[in-house]
Amino acid sequence: MGEVLVKIQPPDHPVHMPEAAKFSPQVESEIDRHLAKYPIMRSAILPLMFIVQRERGYLDPPGVQYLANRLQLRVTDIWEVATFYSMLQTKPTGRYHIQICKTLSCKIMGEGKITEHVCNKLGIRPGETTADGKFSLSLVECLGSCGTAPMFQVNFDYHENLTPEKADQILESLE
Amino acid sequence: MFIGAIGCEPLQLRRIHLENSQTLDVYRRNGGYEAIKKVLDSMSPDGVIDEVKKSALRGRGGAGFPTGMKWSFVPKDSPKEKYVVCNADESEPGTFKDRYLMERDPHMLIEGMLIAAYALGAKRNYIYTRGEYRYLIDIMDLALDEARAAGFLGNNILGSDFSCEIYTHTGAGAYICGEETALLSSLEGFRGHPRMKPPFPAISGLYASPTVVNNVETLTAVPDIIKMGGEAYQKLGTEKSGGTKLWSVSGHVNRPGVYELPMGYDDMEKFIMEDCGGIPNGKQLKAVIPGGSSVYIMRADQIVGKDVRMDYEGLVAGGSMVGSGGFIVMDETVDVFESTKNLTEFYKHESCGWCTPCREGTDWLVKIFKRIEGGAGRPEDAKLLLDLCDNIEGKSFCPLGDAAAWPIQSAVKRFPEDFEKHLVKNN
């Protein structure tokens with residue numbers, strides 16, 4: 001008992017650890033404000049992930065390394081959480097993420113027409129990003145806009161009571 | 001979209017149409033923060049819990065558990081910190097009432113949480129809002145700043161020895177986090193997996209401390225209960241379902257919206273056909289899901305001429321449940337096979353993967369729906385769907401499994417013709 005049976009060898013190749021992302025003092029103080037809300041740092045993981053995502057476009061390896069350092073967690077802890085939640089992106093996403101609600105109320109109120117229209121207009125299918133990196137398109141589950149269906153959310157903005165014409169206007173107004 | 005009360009004076013929606021209703025000023029000029037004053041001046045924590053018990057207020061998130069009872073489970077003598085967590089993770093398909101409460105009357109939620117925090121001795125409290133509702137978090141943060149500046153939050157509130165803070169917290173897109181123990185896992189910074197009950201959150205919740213998790217609509221009912229007294233609030237509704245209730249109405253109705261009705265409103269047919277303006281384009285009513293997607297779907301002939309009373313007992317007697325109060329109304333053009341497939345895809349997507357019956361079961365259900373839709377349906381597939389549901393219902397770790405099974409079970413039994421159409425045509 002107590003005898004070490006297997007000695008773990010360090011890997012014979014260099015372990016690739018990306019350098020952690022760096023943020024401006026403004027962003028750092030925004031992060032501090034979130035951390036101050038909780039008695040346990042780990043609770044701030046979701047708000048901090050949204051900040052990293054906003055600053056870096058998605059949760060890229062340097063951003064994840066930053067979160068691990070800042071929250072004193074392992075990188076795997078960060079990935080474990082990041083891959084659970086549908087709003088957290090672990091791959092590059094277009095500047096405007098169009099999320100069309102596909103759940104029942106929107107479905108029966110004309111979601112299909114909106115989706116078809118947006119697909120044709122942008123030349124992409126749900127799950128894809130335009131070649132210029134401007135738009136990504138997703139079909140998502142209920143966004144709580146059932147009384148004003150059909151709808152989509154572009155980044156965090158709600159657009160409700162959509163018609164193909166209204167969808168055109170919204171997409172064309174985005175720079 | 002309509003927002004207002006029918007059959008009673010607006011209570012929760014009383015300020016919703018006022019200009020700048022989201023500001024502290026308008027809230028205070030219309031009866032706001034009087035309840036917390038009354039509580040701090042003249043009520044003990046137990047006195048507050050007693051009023052809430054008398055009110056017969058039941059949790060508005062979906063389960064309908066008596067709120068006063070839930071509060072009374074928190075141990076008084078625990079040396080641990082206590083927490084009040086507001087569940088604003090409104091994600092149940094067909095439900096959008098909390099959104100308008102927070103958007104237009106955020107101080108009502110703050111006051112409700114303050115009273116709950118006083119009753120339970122909680123100092124640090126959180127509003128867990130679904131990530132997609134980012135604009136509501138911004139509204140809540142502004143309202144919290146206003147309340148703090150006016151002395152309604154922080155140390156020694158209104159000169160009393162009661163100190164309390166409320167913070168906003170964001171979800172990130174996971175329906176399961178509306179389940180209270182999954183919400184707490186998420187708030188602690190983990191994947192949103194539900195936890196074993198017991199211990200219930202009242203004993204061991206956030207950070208393993210006594211915690212009460214209440215829905216937005218539940219907490220916003222509390223200031224009025226304190227002001228008018230529990231008994232008067234209860235009398236607005238029925239004996240077992242006190243007060244008023246918000247119903248979100250969507251789908252094929254002329255006037256979708258958020259409706260405040262007295263509990264026990266008679267009857268559901270009148271509500272849909274008159275109050276909500278009936279079915280558009282001269283179509284016939286075919287089906288209604290009255291409690292958010294996770295309840296039994298009802299046939300039109302279970303509603304028309306049946307005097308279904310709109311409260312917890314009435315809807316069970318009528319063949320469904322109150323749930324979150326999300327009415328999805330469907331006209332004759334809807335194929336219930338397709339609508340059920342749509343909801344099953346929702347549950348498959350939102351299953352958190354923690355337990356086998358739900359994770360594997362919802363996946364198989366969607367596979368079968370897709371096979372049937374693709375033209376390879378077999379006559380025995382309706383029974384196969386029911387068998388699968390039987391292996392999920394009551395056997396999953398949390399209620400999401402039941403929520404996935406119930407819409408299918410009721411749809412197959414109540415709309416067999418819509419399923420047979422898909423199963424027979426290929427044989």
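**Entry: before starting.** I noted that this is a predicted model.

**Entry: strand E1 of chain A.** I began with E1(A), residues 96-101, and asked how many of its residues are buried. Six of the six are, so the strand is largely enclosed by the rest of the structure. Next I looked at where the side chains go. In a regular strand they alternate between the two faces of the sheet. Here Tyr96(A), Ile98(A) and Ile100(A) point one way, while His97(A), Gln99(A) and Cys101(A) point the other way.

**Entry: its partners.** I followed the bridges from E1(A) to strand E2 of chain A, residues 135-140; there are six, and the two strands run parallel. Tyr96(A) has Phe135(A) as its bridge partner in E2(A). In E3(A), Gln99(A) is partnered by Gln153(A).

**Entry: chain B against chain A.** I found 56 residues of chain B in contact with 38 of chain A. About 3700 Å² is buried between the chains, with 60% of that area from carbon and sulfur atoms. What polar links cross over? I counted 23 residue pairs in polar contact and two salt bridges. One salt bridge joins Lys102(A) to Glu345(B), with the closest N and O atoms 3.7 Å apart.

**Entry: the chain B side.** I checked which element gives the most to the side touching chain A: H13(B), with seven residues. By class, I wrote down 27 nonpolar, 19 polar and ten charged residues for that side of chain B.

Terms used: Residues numbered from 1 in each chain as written. Chains lettered and ligands numbered in written order. Predicted model: local features only at pLDDT ≥ 70, side-chain atom pairs only at ≥ 80, totals over all residues. Heavy atoms only, no water. Buried < 20%, exposed > 50% of the residue type's maximum accessible area, 1.4 Å probe, protein only. Helix = DSSP H or I, 4+ residues; strand = E, 2+ residues; numbered from the N terminus. Pairing = 2+ DSSP bridges. Contact = heavy atoms within 4.5 Å. Buried area = accessible area lost by both parts, 1.4 Å probe. Salt bridge = Lys/Arg side-chain N within 4 Å of Asp/Glu carboxyl O. Polar contact = N/O pair within 3.5 Å; in protein donor to acceptor, adjacent residues only side chain to side chain. Nonpolar A, V, L, I, M, F, W, Y, C, P; charged D, E, K, R; others polar.
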